[in-house]
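The entries below follow the order in which I checked them.

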Amino acid sequence: MKKQLISIFILLFLLTSCGKPKKLADMSNCIIDYGNSEIYSHEKLDEGINTIKKEFSQSYDYTLYSIKYTNDEKSLSELAYYNPYYENRYIECMVFVSDFKAPPYDTVVYEANEKITDWQWILVREKNGDWIILTSGYC
């Protein structure tokens, strides 16, 4: 009986000390800014935005505030820069920036509730391919 009580106390301690359960990223109030593009329609930009949201959704306890398309000049410049490193296989590039909030606890990268601004996302696409995130971060 004594061993059972000790086991129950240990179990209760472990369950209560694990903290608040994590939740998936909050994107419910994310503001989208399509900017002004002569290259990409809103439908094409939405494909890129959805690629970012899919990646972001795999983060726990983050809050996504906004995603903004930078501009055509930046996108063409990044395509020209990165494409030679990838055997010129990409035919399109989109560059977005986003603002988000880190989780309410310290992580390896961010302090608790830190607001991150102008996080850059560079997306590329091969002919007949889907948009992929080539790189992201501060550039």
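How many salt bridges does the structure hold? I found four, taking a salt bridge as a side-chain nitrogen of Lys or Arg within 4 Å of a carboxyl oxygen of Asp or Glu. I noted that this is a predicted model, in which local features need pLDDT of at least 70 and side-chain atom pairs count only at pLDDT 80 or more, while totals for chains, interfaces and linings use all residues. Residues are numbered from 1 along each chain as its sequence is written, and side-chain values use heavy atoms, with hydrogens and water left out.

Entry on helical salt bridges. I looked up K44 and found a salt bridge to E47, with the closest N and O atoms 4.0 Å apart. The two residues are three apart in helix 2 (residues 42-56), which means that about one helical turn separates K44 and E47; helices here are DSSP runs of H or I with at least four residues, strands are runs of E with at least two, and both are numbered from the N terminus. For accessibility I used relative accessible area with a 1.4 Å probe and protein chains only, where buried is under 20%, exposed is over 50% and partly exposed lies in between. K44 is partly exposed at 28%, and E47 is partly exposed at 31%.

I then turned to helix 3 (residues 72-82), where K74 and E78 are four residues apart, again about one helical turn. Their side chains meet in a salt bridge at 3.1 Å, N to O. K74 is partly exposed at 28% relative accessibility, whereas E78 is buried at 12%.

Entry on a salt bridge between strands. The side chains of R125 and E92 meet in a salt bridge at 2.3 Å, N to O. R125 lies in strand 4 (residues 115-126) and E92 in strand 3 (residues 90-101), so this pair ties together parts that are 33 residues apart in sequence. Both R125 and E92 are buried. I also found the charged end of R125 over the ring of W131, 5.8 Å from the ring centre; the criterion is NZ of Lys or CZ of Arg within 6 Å of the ring centre and within 35 degrees of the ring normal.

Entry on S98. I placed S98 in strand 3, where S98 is buried at 0% relative accessibility. What joins the side chains of S98 and W121? I found a polar contact of 2.8 Å, defined as a pair of N or O atoms within 3.5 Å, one able to donate a hydrogen and the other to accept it within protein, with residues adjacent in sequence counting only if both atoms are side-chain atoms.

Entry on cysteines. I found zero disulfides, a disulfide being a pair of cysteine sulfur atoms within 2.5 Å. C30 is buried at 15% relative accessibility, and C93 is buried at 3%.

Entry on rings. My search of the whole structure returned 13 aromatic pairs, where rings of Phe, Tyr and Trp (its six-membered ring) pair if their centres lie within 6.5 Å, and planes under 30 degrees apart count as stacked, over 60 as edge-to-face and the rest as tilted. Y40 and Y69 form an edge-to-face pair, 6.2 Å centre to centre with 85° between the planes. Y40 lies in the loop between strand 1 (31-33) and helix 2, and Y69 in strand 2 (residues 63-69), so the pair ties together parts that are 29 residues apart in sequence. Both Y40 and Y69 are buried. I also noted that ring pairs link F56, Y62, F100, Y110, W119 and Y138 into a cluster.
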